[in-house]
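Dear colleague,

Please find the structure below, handed over for your study.

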Amino acid sequence: MYITKKEEEGGRSMGRYYFHYSNDEENQYKLNQSSFLKGYDKKHIRLSAFRAEINNTNQFILENTVRKVHFSNEQFDLGNEFDSTISAFSPKEGGIYTITASIEFQADDIKGFTLETLFLINDNIIQKTHKEFPSNTTSSIIEMTGDILLNCCDQVQIAIKSTVCGTIQ
C-alpha cells in the first residue's frame, strides 16, 4: 500500500506528486522536481508519502468476511503519517491523495472465487473493486488505485473480502 498527495491549483487536481529523492555526491538527499512544479516555492510544499508492505506473517481470511489488511513492514514515511500498528494513514493536512493497494491472496479452494478490495475512510467504505478468478486458481493478486479527497486526520485503511477462505501473503 502506498499513498502520495496530489498537488492542486485552483481547486483542480494537477497530477501525482512529482517529487523524487536522490543522493548527491556528498550523500545528502536532494529534491528533484518536475517541470510542473518549477514555479512553486519548495519551502512551502509539505511532502506526504509512504509505502508499507505485508510482512511474512500470513493473514487468514474467512469466507464472505471483511477483514482489514495489516501492512506492518513500513518502507518509508515522509510525513510521519502512517501508523504501522493499525495500518492506517492519517494525513496532517487535507487534500487529494492517490491511494494504491496491491494484495496477494492464496485461496484454500480451487472452485473459483471473487475478491473485493475496499478503501476505508474512518471505517466507512468509500471505494471498492472486485475481481473474479476462475476455478483451478489458487493464487491471485488484486490491485486498486484511487484519487481520494481526505480531510486532516482522516484514517485510511485497506480491507479485503473473499467468497472463499484463504490467506493474504
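Glu53 is partly exposed, with a relative accessible area of 29%. Please note that the model is a predicted one. The side chain of Glu53 forms a salt bridge with that of Arg51, at 3.1 Å from N to O. Arg51 is likewise partly exposed, its relative accessible area being 35%.

In total, the structure holds two salt bridges. The other joins the side chains of Asp123 and Lys68, with an N to O distance of 2.6 Å. This pair links distant parts of the chain, 55 residues apart: Asp123 lies in the loop between strands E13 (113–121) and E14 (124–133), and Lys68 in strand E8 (residues 67–68). Asp123 is partly exposed at 49% relative accessible area, and Lys68 is partly exposed at 37%. As background, side chains of opposite charge can pair when their charged atoms come close.

Turning to the aromatic rings, a search of the whole structure finds five pairs. One of them is formed by Phe50 and Phe89, whose ring centres are 5.5 Å apart; their planes meet at 15 degrees, so the pair counts as stacked. Phe50 belongs to strand E6 (residues 49–53) and Phe89 to strand E11 (residues 88–89), 39 residues apart. Both residues, Phe50 and Phe89, are buried. Ring pairs also connect Phe50, Phe82, Phe89 and Tyr97 into a cluster.

Finally, Ser87 sits in the loop between strands E10 (82–83) and E11. Ser87 has a relative accessible area of 1% and is therefore buried. Its side chain reaches the backbone nitrogen of Phe71 at 2.6 Å.

With kind regards

Technical notes. Residues numbered from 1 in each chain as written. Predicted model: local features only at pLDDT ≥ 70, side-chain atom pairs only at ≥ 80, totals over all residues. Heavy atoms only, no water. Phe/Tyr/Trp six-rings, centres within 6.5 Å; stacked < 30°, edge-to-face > 60°. Helix = DSSP H or I, 4+ residues; strand = E, 2+ residues; numbered from the N terminus. Buried < 20%, exposed > 50% of the residue type's maximum accessible area, 1.4 Å probe, protein only. Polar contact = N/O pair within 3.5 Å; in protein donor to acceptor, adjacent residues only side chain to side chain. Salt bridge = Lys/Arg side-chain N within 4 Å of Asp/Glu carboxyl O.
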